Amino acid sequence: GAELKNVVFENIFYNCRDNENSTAFDFDTNNREHTIKNVFIRNAFIGNAACAVNMKHKGNLKIDNLCSDNADAKIDVCDGAEVIIDGNKII
C-alpha cells in the first residue's frame, strides 16, 4: 500500500503467456485516494497482457511509448484520474 509520487518506470519488458489474464501495471493495490501522483511509464513493452494499466483511484499518470502484442489490451482507470498517453489526455 505505498504511495507512488514522482516515480518513473522506464524500459520495462513484461511478457505473459497468451492465455494468461494479467495486468502489466496494476496501481490498484492501495485503497486510499491520491496515492498516484506524477507517475511516468516510458518505453514499456507489455507482451500479451489483457490489461495494460489498471488504476481505480484518482491520480496522475503519464505514459510514453507503450507497446503491446495484444491490440485489445485495456487501460482501465477511474473517472477523475488524469492519464496522458503520448501527449494526449485520455481522461
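Phenylalanine 45 counts as partly exposed at 25% relative accessibility, where buried means under 20% relative accessible area, exposed over 50% and partly exposed in between (1.4 Å probe, protein chains only). Welcome to a predicted model, in which local features need pLDDT of at least 70, side-chain atom pairs count only at pLDDT 80 or more, and totals for chains, interfaces and linings use all residues. Residues are numbered from 1 along each chain as its sequence is written, and side-chain values use heavy atoms, leaving out hydrogens and water.

**Aromatic pairs**
- The count comes to four aromatic pairs, meaning Phe, Tyr or Trp rings (six-membered ring for Trp) with centres within 6.5 Å; planes under 30 degrees apart are stacked, over 60 edge-to-face and the rest tilted.
- Phenylalanine 13 and phenylalanine 45 are stacked, because their ring centres are 5.2 Å apart and their planes at 10°.
- Phenylalanine 13 belongs to strand S1 (residues 4-13) and phenylalanine 45 to strand S3, so this pair ties together parts 32 residues apart in sequence; strands are DSSP runs (E, at least two residues), numbered from the N terminus.
- Phenylalanine 13 is exposed, at 59% relative accessible area.
- Phenylalanine 25 and phenylalanine 27 also form a stacked pair, 6.4 Å centre to centre with 15° between the planes.
- Phenylalanine 25 is buried at 7%, and phenylalanine 27 is buried at 8%.

**Fold and burial**
- The protein has zero helices and eight strands.
- Buried residues make up 33% of its 91 residues.

**Around phenylalanine 27**
- Beyond neighbours within four places in sequence, phenylalanine 27 contacts (heavy atoms within 4.5 Å) residues including Leu4, Ile36, Val53 and Leu61.

Key:
Helix = DSSP H or I, 4+ residues; strand = E, 2+ residues; numbered from the N terminus.
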